[in-house]
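Subject: The structure, and what turned up in it

Hi there,

Here is the structure I promised to pass on. Please have it open while you read the notes below it.

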Amino acid sequence: MSKYFKGDAAASKQVSSIGDELDKDKNYVGHKNITTLQATPQSSTFDPIERIKYGFKCFKIDEFNKHPDYYSKLAEKQEPKFLIFACSDSRVSPTNILNLRPGEAFMARNIANMVPAFNQLKQAGVGAIIEYAIVALKVEVIFVIGHSRCGGIERLLSLPNVDTSFDFIDDWVSIGQPAKAKVIAQNPCASDEELFTLIEKESVMNSLVNLLSYPYVRTGVADKKLKLMGGHYDFVNGNFQIMEVDYDIKPTIDI
């Protein structure tokens with residue numbers, strides 16, 4: 001136990017020193033001095049510490065230091081407008097592809113950007129994110145983003161005809177089974193590649209339907225305080241599609 005805490009303290013000290021270095025060195029003025037910031041040497045060996053230091057230096061100089069009022073206000077309170085569900089795929093970062101700044105979106109990322117139906121005995125992590133975003137943060141939009149060449153959707157499409165099994169993945173991607181069944185039934189002549197893309201998009205719609213099983217989501221939509229939206233990012237061609245849905249849900253009437 002003590003060994004863990006010593007390591008934890010050392011790591012904290014190392015990270016905090018990055019900002020101190022920049023505050024002391026007035027020669028850092030941004031990307032025009034990018035060579036001075038490039039802490040990672042030209043080497044075939046990946047150094048995670050140097051990459052993290054380099055990334056934080058860029059953020060501190062080009063974003064944090066240039067907008068002190070914005071980050072001072074953000075330090076007091078977060079008021080995001082979006083709750084975004086996106087895939088854990090390293091090529092699909094909502095912050096980058098939608099040019100989001102810190103404070104704009106409460107974020108949840110998982111395999112194949114799926115949202116399970118409400119169940120207090122299972123998938124509590126997802127439920128906690130949704131509940132907190134709506135009840136505490138009062139987000140106005142829940143945005144589920146799918147993407148091209150999704151490994152999770154590929155796995156879903158291959159089930160149950162697979163030779164290998166996983167401890168968690170197969171059960172998780174099975175959340176999208178209704179989307180898979182619908183697409184296959186409606187497109188009997190489609191190729192595997194066509195099915196792949198169609199299921200990626202239909203899975204987003206399936207997650208939006210599942211969101212309505214959460215009482216706070218349904219109430220928010222009925223009261224016109226919450227909007228559900230879907231999206232699909234094609235990183236092969238650099239395209240983004242927005243899928244709006246209009247659920248005719250009436251407000252709750254108390255008697």
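This is a predicted model: local features need pLDDT of at least 70, side-chain atom pairs count only at pLDDT 80 or more; totals for chains, interfaces and linings use all residues.

Residues are numbered from 1 along each chain as its sequence is written, and side-chain values use heavy atoms, with hydrogens and water left out.

Let me begin with helix H3, which covers residues 48-64. (Helices are DSSP runs of H or I with at least four residues, strands are runs of E with at least two, and both are numbered from the N terminus.) Among the buried residues of H3 are Tyr54, Cys58, Ile61 and Asp62. Here buried means under 20% relative accessible area, exposed means over 50%, and partly exposed is in between, using a 1.4 Å probe and protein chains only.

Next, the salt bridges. Side chains of opposite charge can pair when their charged atoms come close. The whole structure holds nine salt bridges, each defined as a side-chain nitrogen of Lys or Arg within 4 Å of a carboxyl oxygen of Asp or Glu. Three of them are worth a look on your screen:

- Lys66 pairs with Asp62, with the closest N and O atoms 3.9 Å apart. Lys66 is exposed at 51% relative accessible area, whereas Asp62 is buried at 17%.
- Glu140 and Lys81 meet at 3.2 Å, N to O. Glu140 sits in the loop between helix H6 and strand E3 and Lys81 in the loop between helix H4 and strand E1, so this pair ties together parts that are 59 residues apart in sequence. Glu140 is partly exposed at 40%, and Lys81 is partly exposed at 46%.
- Asp170 and Arg155 meet at 2.6 Å, N to O. Asp170 belongs to helix H8 and Arg155 to helix H7, 15 residues apart. Both Asp170 and Arg155 are buried.

Now the rings. The search gave 11 aromatic pairs. Rings of Phe, Tyr and Trp (its six-membered ring) pair if their centres lie within 6.5 Å; planes under 30 degrees apart are stacked, over 60 edge-to-face, and the rest tilted. Tyr70 and Tyr71 are edge-to-face, 5.2 Å centre to centre with 85° between the planes. Tyr70 is partly exposed at 28%, while Tyr71 is buried at 9%. Phe82 and Phe143 form a tilted pair, at 6.4 Å and 40°. Since Phe82 lies in strand E1 and Phe143 in strand E3, the pair ties together parts that are 61 residues apart in sequence. Ring pairs also link Phe56, Phe59, Phe64, Tyr70 and Tyr71 into a cluster.

Asn206, in helix H10, is buried at 12%. Leaving aside neighbours within four places in sequence, Asn206 is in contact (heavy atoms within 4.5 Å) with Ile175, Gly176, Pro178 and Ala179. Asn99, in the loop between helix H5 and strand E2, is exposed at 65%. Not counting residues up to four places away in sequence, Asn99 touches Pro94 and Glu104.

Best wishes
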